[in-house]
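Here's a quick briefing to read with the structure open beside you. Grab your viewer and let's go through it by topic.

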Amino acid sequence: MTMPKTQEGTSLLPGNLHEPGDCRAISAVLSRVGDKWTVLVVSALGGGPKRFNELRKALGSISQRMLTLTLRALERDGLVTRTVFPTVPPRVDYELTRLGRSLLEPVNGLSAWARANRTAMEAARARFDANEPAK
């Protein structure tokens with residue numbers, strides 16, 4: 001069977017590869033691990049446990065609320081553990097779980113790919129936008 005010619009960036013797959021249940025499951029995982037703050041938090045915790053304010057400083061522009069929401073979601077998904085130490089004031093550390101550490105390699109690979117290909121993508125966007133008719 002000859003596959004039809006495709007444009008660059010487009011691929012054709014046989015229709016039987018699409019399973020709705022799998023798509024929903026994959027979509028849920030990708031929405032978590034593809035989130036900007038998730039990627040940055042996982043990367044920051046790759047060096048070991050950190051306290052909330054250490055994470056906040058490491059990430060720069062994240063708000064306290066967004067960091068709290070991201071950490072809770074990561075904890076819920078089993079990627080991060082939260083350990084409270086009975087000191088005054090209480091000390092709370094965040095750390096990647098084994099599952100979270102397994103995410104480091106793909107996250108770091110994707111980050112490296114993004115850095116290496118950012119300018120090529122920007123150039124492609126500029127070429128595409130230059131060919132779009134004015135609205």
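Which side chain meets D77 in a salt bridge? R32 does, with 2.9 Å from N to O. Keep in mind that this is a predicted model.

**Salt bridges**

- The structure holds 3 salt bridges, and the one between D77 and R32 links distant parts of the chain.
- D77 sits in the loop between α4 and β2 (80-85), while R32 belongs to helix α1 (residues 20-33); the two are 45 residues apart.
- Another salt bridge joins the side chains of D93 and R91, at 2.8 Å from N to O.
- Buried or partly exposed: what are the two partners here? D93 is buried, with a relative accessible area of 9%, whereas R91 is partly exposed at 34%.
- The side chains of E122 and R118 also meet in a salt bridge, at 3.5 Å from N to O.
- E122 and R118 are both in helix α5 and 4 residues apart, so about one helical turn separates them.
- E122 is partly exposed, with a relative accessible area of 37%.

**Nonpolar core**

- As background, nonpolar side chains in soluble globular proteins tend to be buried together.
- In this model, the largest nonpolar core has 21 residues, and L67, L71 and Y94 have the most contacts inside it.
- Two or more residues of this core come from each of α2 (36-45), α3 (52-59), α4 (64-76), β3 (91-96) and α5 (98-131).
- Of these elements, α2 gives the most to the core, with 6 residues.

**How α2 meets α5**

- α2 and α5 pack with their axes 9 Å apart, at an angle of about 115°.
- That angle makes α2 roughly perpendicular to α5.
- The crossing of α2 past α5 is left-handed.
- On the α2 side, V39, V42 and S43 make the contact.
- On the α5 side, the contact is made by G100, L103, L104, V107, N108 and S111.

Terms used. Residues are numbered from 1 along each chain as its sequence is written. This is a predicted model: local features need pLDDT of at least 70, side-chain atom pairs count only at pLDDT 80 or more; totals for chains, interfaces and linings use all residues. Side-chain values use heavy atoms; hydrogens and water are left out. A nonpolar core is a set of buried Ala, Val, Leu, Ile, Met, Phe, Trp, Tyr and Cys residues joined through side-chain atoms within 4.5 Å. Buried means under 20% relative accessible area, exposed over 50%, partly exposed in between (1.4 Å probe, protein chains only). A salt bridge is a side-chain nitrogen of Lys or Arg within 4 Å of a carboxyl oxygen of Asp or Glu. Axes are lines fitted to C-alpha atoms, for helices over the stretch in contact, and angles run from 0 to 180 degrees between N-to-C directions. Angles under 35 degrees count as roughly parallel, over 145 as roughly antiparallel, 65 to 115 as roughly perpendicular and the rest as oblique. A crossing is left-handed if the near helix is turned anticlockwise from the far one by less than a right angle, and right-handed if clockwise. Contact means heavy atoms within 4.5 Å.
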